[in-house]
Amino acid sequence: MSAAASSAAWPVNIGEAARQSGVSAKMVRHYESLGLLPRVARTDSGYRQYSEADVHTLRFIKRGRDLGFSMEEIGELVGLWQNRRRASASVRKVAQKHSDDLAQRIQAMQEMQRTLQHLIHCCHGDDRPECPILEALAG
């Protein structure tokens, strides 16, 4: 964390929380609506106020999204992260399932790429109207 971030006067407004966490203000509100953040304090005029812990949770959520975890998985991980009595096996199970899902998606995408490469190779790419790519898509 930068010196500026560590010396911030807490709590901070949504714009500052967004800046420090690397998450847009719109996404901060979205994560709040999903219950990934606890209900934040508000000023008398209704402005949200974020604690240092809230910003830390936003960073956690961002890192989870960067790794491709679903919002449901992130919700589970946030709960596990905040539960100091959780078993690491529970965390590992969530991460392993996500890794397995990614491997399946990568395999499916590689198959799509091979099929497309074959169709591209079969297409003459000239002035003739016949096109094996369109024929394959038409079924």
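Rings of Phe, Tyr and Trp (its six-membered ring) pair if their centres lie within 6.5 Å; planes under 30 degrees apart count as stacked, over 60 as edge-to-face and the rest as tilted. By this rule the count comes to one aromatic pair. The model is predicted, so local features need pLDDT of at least 70, side-chain atom pairs count only at pLDDT 80 or more, and totals for chains, interfaces and linings use all residues. Residues are numbered from 1 along each chain as its sequence is written, and side-chain values use heavy atoms, with hydrogens and water left out.

**Aromatic pair**

- The ring centres of Phe60 and Trp81 are 4.3 Å apart and the planes lie at 10 degrees, so this pair is stacked.
- Phe60 sits in helix α4 (residues 52–66) and Trp81 in helix α5, so the pair ties together parts that are 21 residues apart in sequence.
- Helices (H or I, at least four residues) are DSSP runs, numbered from the N terminus.

- Two packed helices are described by the angle between their axes and the distance between the axes.
- Axes are lines fitted to C-alpha atoms, for helices over the stretch in contact, and angles run from 0 to 180 degrees between N-to-C directions.
- The axes of α5 (residues 71–82) and α6 (residues 88–122) come within 10 Å and cross at roughly 160 degrees.
- Contact means heavy atoms within 4.5 Å.
- From α5, Glu73, Glu76, Leu77 and Leu80 meet Ser90, Val91, Val94, His98 and Asp101 of α6.
- These contact residues divide into four nonpolar, two polar and three charged.
- Ala, Val, Leu, Ile, Met, Phe, Trp, Tyr, Cys and Pro count as nonpolar, Asp, Glu, Lys and Arg as charged, and the others, Gly among them, as polar.

**Helices α2 and α4**

- The axes of α2 (residues 14–21) and α4 come within 9 Å and cross at roughly 45 degrees.
- That makes α2 oblique to α4.
- Ala17, Gln20 and Ser21 of α2 make the contact with Val55, Leu58, Arg59 and Lys62 of α4.
- Here the residues divide into three nonpolar, two polar and two charged.

**Glu32**

- Glu32 lies in helix α3 (residues 25–33).
- At 16% relative accessibility, Glu32 counts as buried (under 20% relative accessible area, with exposed over 50% and partly exposed in between; 1.4 Å probe, protein chains only).
- Leaving aside neighbours within four places in sequence, Glu32 is in contact with Leu37, Val40, Arg48 and Tyr50.

Conventions
Helix = DSSP H or I, 4+ residues; strand = E, 2+ residues; numbered from the N terminus. Parallel < 35°, antiparallel > 145°, perpendicular 65-115°, else oblique.
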